[in-house]
Amino acid sequence: MDHMTVDVKGQRLFLCGENSYSLVVVDLRAGKYSCHKGLPAMPKKPFYLPETDEIWVSLTDASVIAVSGDDI
């Protein structure tokens, strides 16, 4: 699995839900997950920026989106 990134400080794992066009967030402390659904295209490569608490995701339509860690 290469379509993931991690927030070490916040203990969150971010995975690309390719078939569901979503970003899956796993709370490693609580052992729970949630989904940020409704992405405009299939997500491929997530990248977490701890300085801004943002997850940047490249999509298969050649676009890139940023999702705030507060929104997830």
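Buried means under 20% relative accessible area, exposed means over 50%, and partly exposed lies in between (1.4 Å probe, protein chains only). The legends below describe a predicted model, in which local features need pLDDT of at least 70 and side-chain atom pairs count only at pLDDT 80 or more, while totals for chains, interfaces and linings use all residues. Residues are numbered from 1 along each chain as its sequence is written, and side-chain values use heavy atoms, with hydrogens and water left out.

**View A. Phe14 and Tyr48 form a stacked aromatic pair.** Let's start with two rings. Searching the whole structure turns up one aromatic pair (rings of Phe, Tyr and Trp, the last by its six-membered ring, pair if their centres lie within 6.5 Å; planes under 30 degrees apart count as stacked, over 60 as edge-to-face and the rest as tilted). Phe14 and Tyr48 are 5.6 Å apart centre to centre, with 20° between the planes. Because Phe14 belongs to strand 2 and Tyr48 to strand 5, the pair ties together parts that are 34 residues apart in sequence. (Strands are DSSP runs of E, at least two residues, and helices are runs of H or I, at least four, numbered from the N terminus.) Are the two partners buried or exposed? Phe14 is buried, at 0% relative accessible area, and Tyr48 also counts as buried, at 9%.

View B. Look next at strand 6 (residues 54–59), which is joined to strand 7 by five bridges. Here Val57 stands opposite Ile65 of strand 7.

**View C. Strands 3 and 4 form a hairpin.** Strand 3 (residues 22–27) and strand 4 (residues 32–36) run antiparallel and are joined by five bridges. Val24 stands opposite Cys35 in strand 4. Four residues lie between the two strands, and Gly31 in the turn has a positive phi of about 70°.

**View D. Val8 sits in a loop.** Now find the loop between strand 1 (4–7) and strand 2 (12–17), where Val8 lies. Val8 is exposed, with a relative accessible area of 66%.

Conventions:
Two strands pair if DSSP finds at least two bridges between them.
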